[in-house]
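Please report on the features of this chain. Keep the account brisk.

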Amino acid sequence: MPIPWEALIPFGLLTSMFVVAGSALNVSKHAQNQGKPIRYHIDAWDEMMMDRDKRLTGHLRGQASEPKAPEGFATNSEWYTERVQ
């Protein structure tokens, strides 16, 4: 049975497009996370720490090494409201 060489061109194009799309998504995710790995299984504690990091540095993945918080840190928090059921 002969090999259908004509089918290799679309197969190669389809495979290369999947590789390009996956690589672009990976680069985009790493750029959004400042080059750090993507976070999985985020719980309430992680969300609170991400909120704190955002208020300290301006980015969810940023971390500050200074022992004292900036002046505006005490007043820039968001008030969390209780859900009425």
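Helices (H or I, at least four residues) and strands (E, at least two) are DSSP runs, numbered from the N terminus. The model is predicted: local features need pLDDT of at least 70, side-chain atom pairs count only at pLDDT 80 or more, and totals for chains, interfaces and linings use all residues. Residues are numbered from 1 along each chain as its sequence is written, and side-chain values use heavy atoms, with hydrogens and water left out.

UniProt lists residues 1–24 as "signal peptide", in an unreviewed entry. UniProt positions follow the numbering used here, feature names are shortened, and annotations may be inferred rather than shown by experiment. In the model, residues 1–24 are 71% helix and 0% strand. The end C-alpha atoms of that span lie 39 Å apart.

A nonpolar surface patch is made by Ile3, Trp5, Leu8 and Phe11. Its area is about 480 Å². Patches consist of residues with over 30% relative accessible area and no salt bridge; like charges are joined within 9 Å, nonpolar side chains (Val, Leu, Ile, Met, Phe, Trp, Tyr) within 5 Å. Accessible areas come from the Shrake-Rupley method with a 1.4 Å probe, and for residues only the protein chains shown count as cover.

**Accessibility by residue**

Buried means under 20% relative accessible area, exposed over 50%, and partly exposed in between (1.4 Å probe, protein chains only).

| Residue | Relative accessible area | Class |
|---|---|---|
| Leucine 8 | 43% | partly exposed |
| Glutamine 34 | 43% | partly exposed |
| Arginine 39 | 31% | partly exposed |
| Histidine 41 | 79% | exposed |
| Arginine 52 | 34% | partly exposed |
| Aspartate 53 | 5% | buried |
| Proline 70 | 43% | partly exposed |

**The loop between H1 and H2**

Helix H1 covers residues 8–32, and H2 covers residues 44–57. Glutamine 34 lies in the loop between them. Its phi is near 55°, a positive value in a residue other than glycine. Histidine 41 belongs to the loop between H1 and H2 too. Its phi is also positive, about 55°, although histidine 41 is not a glycine.

Arginine 39 is found in this loop as well. Leaving out residues up to four places away in sequence, arginine 39 touches Met50, Leu60 and Arg61. Contact means heavy atoms within 4.5 Å. Arginine 39 and arginine 61 are 22 residues apart in sequence, yet their C-alpha atoms are 9.8 Å apart.

How many salt bridges does a search of the whole structure find? The search finds one. A salt bridge is a side-chain nitrogen of Lys or Arg within 4 Å of a carboxyl oxygen of Asp or Glu. Aspartate 53 forms a salt bridge with arginine 52, with the closest N and O atoms 2.9 Å apart. Aspartate 53 is in helix H2. Aspartate 53 is buried because its relative accessible area is 5%, and arginine 52 counts as partly exposed because its value is 34%.

Which residues does aspartate 53 touch, not counting residues up to four places away in sequence? They are Gly58, His59, Leu60, Gly62 and Gln63.

**After H2**

Proline 70 is in the segment after H2. Proline 70 and serine 23 are 47 residues apart along the chain. Their C-alpha atoms are separated by 38 Å.
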